Amino acid sequence: MTQVYNFSAGPAVLPRDVLLQAQQELLDWHGSGMSVMEMSHRGKEFMSIIHEAETDLRQLMGIPANYKVLFLQGGALSQFAMVPLNLLGDKKSIDVVNTGHWSKLAIKEARKFAEVNIVASSEDRQYTYVPDPASWRTSPDAAYLHYVSNETIGGVQFPYIPDSTVPLVCDMSSDILSRAVDVSRFGLIFAGAQKNIGPSGLTLVIVREDLLGQLPAHMPTMYDYRVHADADSMYNTPPTYAIYIAGLVFKWLKQQGGVPGMASRNEEKAGLLYHAIDSSQGFYHCPVETPFRSRMNVPFRLGSPELEAAFLAEAEQRNLLQLKGHRSVGGMRASIYNAMPLEGVKTLASFMVDFARRHG
Ligand SMILES: *Cc1c(COP(=O)(O)O)cnc(C)c1O
């Protein structure tokens with residue numbers, strides 16, 4: 001099999017050991033004679049899979065007992081509606097920090113259900129930084145404060161968890177499990193699975209119990225957190241195979257030293273790429289201001305569209321794949337989630353140095 005390094009922003013690379021184990025267990029999970037895909041979600045085999053996945057996730061993230069873990073579907077985008085629907089209660093407005101693409105989409109969707117107060121925006125400098133919390137115009141009556149811990153397209157990451165007097169809601173789709181977070185600071189965390197957890201479709205919600213149960217009665221049952229929480233994510237058929245793969249990823253993470261182990265490796269990986277950019281004497285350029293540079297998604301530009309096209313073509317010849325930036329911003333983007341091996345990042349960094357020498 002060709003060894004490639006896949007820098008896709010999502011769906012993204014999965015740990016090779018996880019895929020190998022899934023392959024070995026594909027036809028016969030643990031002597032059951034069944035594939036996980038063929039099992040009843042209410043049978044004892046699958047119940048043990050989802051239970052272990054939740055237990056491992058709780059351990060990895062240190063999730064307190066008064067938080068529910070929900071394994072849902074519909075992607076992060078359906079959370080852009082579910083969160084306001086469930087958390088608005090008798091409030092009228094929500095607060096949102098606008099740091100880029102995924103903030104903007106969340107704002108647009110939330111406006112269907114609530115008054116949206118944009119407490120701060122980094123649009124003035126093309127979403128290349130996180131506005132200083134001291135300048136945020138928050139409102140004490142907001143139902144919650146929403147922010148995106150890592151803007152996957154812009155490559156802008158919060159270096160801290162902001163303080164909030166109202167429940168804090170975080171779209172952690174692209175950096176969940178990549179660094180330690182104190183879950184007790186949040187009211188709700190959600191994440192689409194396809195960046196750092198597993199196959200697309202699965203959507204994780206971690207929610208403080210006292211925030212459940214405020215959905216207006218005429219709303220769709222499937223959009224009610226309380227319904228899913230009361231049914232242990234089994235109100236309807238959950239995405240069973242995706243949950244199984246996520247469970248394998250959680251076990252793999254534990255073997256890698258858990259979240260702290262991952263965090264230090266992520267620092268090292270990102271450091272290699274930012275060093276290649278910053279030491280290139282302007283050949284490469286990262287638009288993001290240094291304190292907010294993402295450890296997960298590293299965007300960079302070259303001097304001309306021709307040079308960028310040549311870079312992508314040569315990279316692909318060397319099996320460094322999916323480095324093209326998002327269509328809305330262009331340029332390059334290397335996504336280096338937990339499952340991207342250090343070796344892959346080293347290979348990319350040395351290719352960057354070599355390419356700059358030949359084309360600089
Ligand atoms: C990828 C991504 C989304 C969109 O997720 P879907 O699962 O496609 O709905 C939302 N927010 C962030 C931060 C993302 O990285």
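Start at the ligand and select K195: an N or O atom in the side chain of K195 sits 2.7 Å from an oxygen atom of the ligand. That is a polar contact, meaning a pair of N or O atoms within 3.5 Å. Before moving on, note that this is a predicted model, where local features need pLDDT of at least 70, side-chain atom pairs count only at pLDDT 80 or more, and totals for chains, interfaces and linings use all residues. Residues are numbered from 1 along each chain as its sequence is written, and side-chain values use heavy atoms, with hydrogens and water left out.

**Around the ligand**

Next, pick D171. Here a nitrogen atom of the ligand lies 2.7 Å from an N or O atom in the D171 side chain. For the whole surround, select G75, A76, L77, W102, V148, N150, T152, D171, S173, S174, Q194 and K195; a residue gets in if one of its heavy atoms lies within 4 Å of the ligand.

**Helix 3 against helix 4**

Now colour helix 3 (residues 75-87) and helix 4 (residues 101-110), which pack at about 45° with axes 9 Å apart. Helices here are DSSP runs (H or I, at least four residues), strands are too (E, at least two), and both are numbered from the N terminus. The axes are lines fitted to C-alpha atoms over the stretch in contact, with angles from 0 to 180 degrees between N-to-C directions. That angle makes helix 3 oblique to helix 4. For the labels, under 35 degrees is roughly parallel, over 145 roughly antiparallel, 65 to 115 roughly perpendicular, and the rest oblique. Show L77, F80, A81 and P84 on helix 3, and W102, L105, A106, E109 and A110 on helix 4, to see the contact (heavy atoms within 4.5 Å). Its residues split into eight nonpolar, no polar and one charged. Ala, Val, Leu, Ile, Met, Phe, Trp, Tyr, Cys and Pro count as nonpolar, Asp, Glu, Lys and Arg as charged, and the others, Gly among them, as polar.

**Helix 1 against helix 6**

Show D17, V18, Q21 and A22 from helix 1 with Y241, Y244, I245, L248, V249 and W252 from helix 6. This contact has eight nonpolar residues, one polar and one charged.

**Helix 7 beside helix 9**

Helix 7 (residues 258-278) and helix 9 (residues 342-359) cross at roughly 5°, their axes coming within 9 Å. That makes helix 7 roughly parallel to helix 9. Select E268, K269, L272, L273, A276 and I277 on helix 7, then L342, V345, K346, L348, A349 and M352 on helix 9. By class, this contact has nine nonpolar, no polar and three charged residues.

**Two backbone stops**

Zoom in on G10 and P11, joined by a cis peptide bond with omega of about -5°. P11 is in the loop between strand 1 (5-6) and helix 1. Finish at Y127, a residue other than glycine with a positive phi, near 55°. You'll find Y127 in the loop between strand 4 (115-121) and strand 5 (145-148).

Definitions and conventions. Polar contact = N/O pair within 3.5 Å; in protein donor to acceptor, adjacent residues only side chain to side chain.
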